[in-house]
Amino acid sequence: FGENHPLMVSYANDMATILMKQDKYEEALAHQRKALEISYQNGFDVFRSYGFLVNTLIESAKYEEALEVSEEAFDFYQQMERREEMLFMEFKAKLHR
């Protein structure tokens, strides 16, 4: 599959969960950041990866970074919403031609 295969997102999140249970937050964060990176590259599960990363940051008492990542996720959401809106408008315009 390769290290950037979409299935690696699940693997990285699972590894992070196990590491969190062992109080190995820095290692867990590394896996969650990798999961987010792969999600971006493959265009799926991005919000889920953001959520896992934010939860791990909160669990590791990195509240400022958790807030920054939450804001980044919200910005990403808004971009996706605008993109969907534009695609819908383009679709409607084609229908009326």
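Visitor: At what angle do helix 3 and helix 4 pack in this predicted model?
Guide: Helix 3 covers residues 46-59 and helix 4 covers residues 63-95. Their axes lie 8 Å apart. The angle at which the two helices pack is about 170°.

Visitor: Are helix 3 and helix 4 roughly parallel or roughly antiparallel to each other?
Guide: Angles over 145 degrees count as roughly antiparallel. Helix 3 and helix 4 pack at about 170°. The two helices are therefore roughly antiparallel.

Visitor: Is the crossing of helix 3 and helix 4 left-handed or right-handed?
Guide: Residues that meet here include Leu 53 and Leu 57 in helix 3 and Val 69 and Phe 76 in helix 4. By class, the contact has 14 nonpolar, one polar and two charged residues. The crossing of the two helices is left-handed.

Visitor: Is Ser 60 buried or exposed?
Guide: Ser 60 is located in the loop between helix 3 and helix 4. Its side chain reaches the backbone oxygen of Leu 57 at 3.1 Å. Leaving aside neighbours within four places in sequence, Ser 60 contacts Tyr 25 and Leu 29. Buried means a relative accessible area under 20%, and the value for Ser 60 is 17%, so Ser 60 is buried.

How values were computed
Residues are numbered from 1 along each chain as its sequence is written. This is a predicted model: local features need pLDDT of at least 70, side-chain atom pairs count only at pLDDT 80 or more; totals for chains, interfaces and linings use all residues. Side-chain values use heavy atoms; hydrogens and water are left out. Axes are lines fitted to C-alpha atoms, for helices over the stretch in contact, and angles run from 0 to 180 degrees between N-to-C directions. Helices (H or I, at least four residues) and strands (E, at least two) are DSSP runs, numbered from the N terminus. Angles under 35 degrees count as roughly parallel, over 145 as roughly antiparallel, 65 to 115 as roughly perpendicular and the rest as oblique. A crossing is left-handed if the near helix is turned anticlockwise from the far one by less than a right angle, and right-handed if clockwise. Contact means heavy atoms within 4.5 Å. Ala, Val, Leu, Ile, Met, Phe, Trp, Tyr, Cys and Pro count as nonpolar, Asp, Glu, Lys and Arg as charged, and the others, Gly among them, as polar. Buried means under 20% relative accessible area, exposed over 50%, partly exposed in between (1.4 Å probe, protein chains only). A polar contact is a pair of N or O atoms within 3.5 Å; within protein, one must be able to donate a hydrogen and the other to accept it, and residues adjacent in sequence count only if both atoms are side-chain atoms.
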